[in-house]
Amino acid sequence: MSAISREEVANLARLARIEMSDAELDHLSGEMQVILGAVARVQEVASADVPPTSHPIPVNNVVREDAVIPSLSPTDALSGAPASSEQRFKVPQILGEAE
Amino acid sequence: MSIRSSAAEMAEALTKKEISAVELANQHYAQIEAVDKDVHAFLHLDKAGALAQAESIDKKRAAGEKLPPLAGVPLALKDVLVQKGVPTTCGSKMLEGWRPPYDATVVTKLKDAGIVILGKTNMDEFAMGSSTENSAYGPTHNPWDLTRIPGGSGGGSAAALAAFEAPLAIGTDTGGSIRQPAAVTATVGVKPTYGGVSRYGLVAFSSSLDQAGPCARTVLDTAMLHQSIAGFDPKDSTSINHAVPDVVAAAKKKDVKGLKIGIVKQLSGAGYQKGVENKFNDAVAELVKLGAEIVEVSCPNFEYALAAYYLIAPSECSSNLARFDSMRFGIRIGDDGSKGAEEVMNLTRQVGFGREVKRRIILGTYALSSGYYDAYYGSAQKVRTLIKRDFDAAFEKCDVLVSPTAPTTAFKIGEKSEDPLAMYLNDIATIPVNLAGIGGMSLPCGLADEDNLPVGFQIMSPAMKDDRMYLVGGALEAALLSKWGKPILDFAPRLAGSK
């Protein structure tokens, strides 16, 4: 099994959108090494002829009638928002620097 | 009416108008007031909401209305299910102060059943853990020994039952979070068949494994609560459209003559505490006395269940917890006008998530990343197939399977918190059930000789045959009760101030 480097963990944290301190990265890299070593065991029995299971009790084609039903009011939907304005979620800037 | 009574007894007293729902709720609040500073089972009490519900039940009863069986009986709700207007944190700083704008289907059903929701119970953050130590709001303490863990992730719900703070509780079980807390607190907990109880409004951790279920102090109470919350829900696309088995009748039957009970060879031996194995074997002997037939079954792929679980659950969690992005609900950190959305998101998730949650998100992100997907997540899904096949083969030979619920009794708070792998081993006997989507129950089967702490007995039933767990559980509970002469919780030390 390939070892997981500190740089890889830093990249995973970036992908997962979690800021991490150097100390957190150091600690987590060590733990990942140990945990991955343990869980890699699944490869021992996962041969090509075994189909994967994603869901324990398969239910297929779950559809509902295309009908209008009551939903949350804008006030309720925004009630937990960190910031809102004009019946909308207010978020920090998402595109390049404002010039 | 004593708070140590069963929910069924309380329901009967309410029906006979020997006590009102308001009085009963207040008795439980008095107990919470007296003991919860030591136990810390609750994160939030909704006294106003609970007493309003109790009052409305009392009025309906006074008016001669026919009420559901558990109307007026109090309950503790795990803080992972949303309840409109009542703080719901999932044990995380991320949701501090959040009040959901809607009710989970389980909550709607509880309200419709006239059940009085006292408050929200403590849990490992986002249900990730086996000790409730991962709660951002501090650990819950086991009423049997306050220096020990009450299990997890639903340690708050189990401790509330064992401390007589509520006769009923709701838990959720992704890898054992209902059953292992039940085991270490000498209470009863059931993980129903996957899809048997709606997941709508259950904050998702691992969607293909998560299952809400009933917790109580007796098998019958658990069955009555099961009946109240189970059933098809069009709001949950994984809900199964199948009649709920008559679990209440099964719990009352107390007859296991001729039933074939399989002991899973792989769920014993190395790693299992001696006293746990002894009490488990004693309980099996009781079942034999009751006329059950014991068969030994082999489930060779169970050996890989823990590894598969710790790939599947983190993978699904890394995707599910992406919703905590600080944009629509929950806390937001660092939004001072100078930072972009992504930076704010990164900072919020750094502060909002605890260590175990971050560990699992990173592990899941790795297992799902290109280049590693087949080796990790893909292989884990194949193991899941093999485990289902093991169960299918075992259920060819027997009606239910049994094992100890957890390999050890409650350990000390802090003992395993620095060693994730040691902590994960707590779930070794409960995880196969979640991977296969079948039913699992834990009920108390005695106190281990070496430490006098509770041992859990696990019963596993095929999918949609949840009644079989109650059949065996009800019979075993009655046999053990007559052997002990009093309920197992009467052997627990009395909590300071307890009513």
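Predicted model: local features only at pLDDT ≥ 70, side-chain atom pairs only at ≥ 80, totals over all residues.
## Chain A at a glance

Going along the sequence, the elements of chain A come in the pattern α-α-α-β-β.

How spread out is chain A? Its radius of gyration is 23 Å, while the globule rule gives 13 Å for 99 residues; the value for chain A is well over that, so chain A is more spread out than a compact globule. Along the principal axes, the C-alpha atoms of chain A fill a box of roughly 55 × 45 × 25 Å. Of its 99 residues, 19% count as buried.

## Where the two chains meet

Let's turn to the contact between the chains. Chain A brings 44 residues to it and chain B brings 59 residues. On the side of chain B that touches chain A, at least two residues each come from α10 (305–320), α11 (341–352), α12 (355–368), α13 (374–397) and α14 (420–424) of chain B. Which of the helices gives the largest share of that side? It is α13(B), with 11 residues. Sorted by class, the side of chain B that touches chain A holds 31 nonpolar, 16 polar and 12 charged residues.

## The sheet of chain B

Chain B has an open sheet of 11 strands with mixed pairing, and the strand order is β1-β3-β2-β4-β6-β5-β10-β11-β9-β7-β8. At the edges sit β1 (42–45) and β8 (293–297) of chain B, each of which pairs on one side only. On average, and ignoring direction, neighbouring strands of this sheet are turned by 30 degrees against each other.

Some of the pairings are worth a look in your viewer. Strands β10 (residues 439–447) and β11 (residues 454–461) of chain B are antiparallel partners, joined over 8 bridges. Here L447(B) is found opposite P454(B) in β11(B). Helix α7(B) lies across β4, β5 (188–191), β6 and β10 of chain B, and runs at about 150 degrees to β6(B).

## Around strand β3 of chain B

With β2(B), the pairing of β3(B) is parallel and spans 5 bridges. One of the facing pairs is L77(B) with its bridge partner K120(B) in β3(B). To get from β2(B) to β3(B), the chain passes through α4(B), making a β-α-β crossover that is right-handed.

## The crossover helix, α4 of chain B

Helix α4 of chain B covers residues 105–112, and its buried residues are T105(B), V106(B), V107(B) and L110(B). What do these buried residues pack against? Their partners in chain B are the strands β2 (74–78), β3 (116–121), β4 (168–172) and β6 (212–216), along with helix α7 (219–229). Just after α4(B) comes G114(B), which takes a positive phi of about 80 degrees.

Definitions and conventions: Residues numbered from 1 in each chain as written. Chains lettered and ligands numbered in written order. Contact = placed C-beta atoms within 7 Å. Helix = DSSP H or I, 4+ residues; strand = E, 2+ residues; numbered from the N terminus. Nonpolar A, V, L, I, M, F, W, Y, C, P; charged D, E, K, R; others polar. Buried ≥ 20, exposed ≤ 12 C-beta atoms within 10 Å, placed from the backbone. Pairing = 2+ DSSP bridges. Axes fitted to C-alpha atoms, helices over the stretch in contact; angles between N-to-C directions. Right-handed = clockwise from strand over helix to strand, strands pointing away. Rg over C-alpha atoms; globule rule 2.2 N^0.38 Å.
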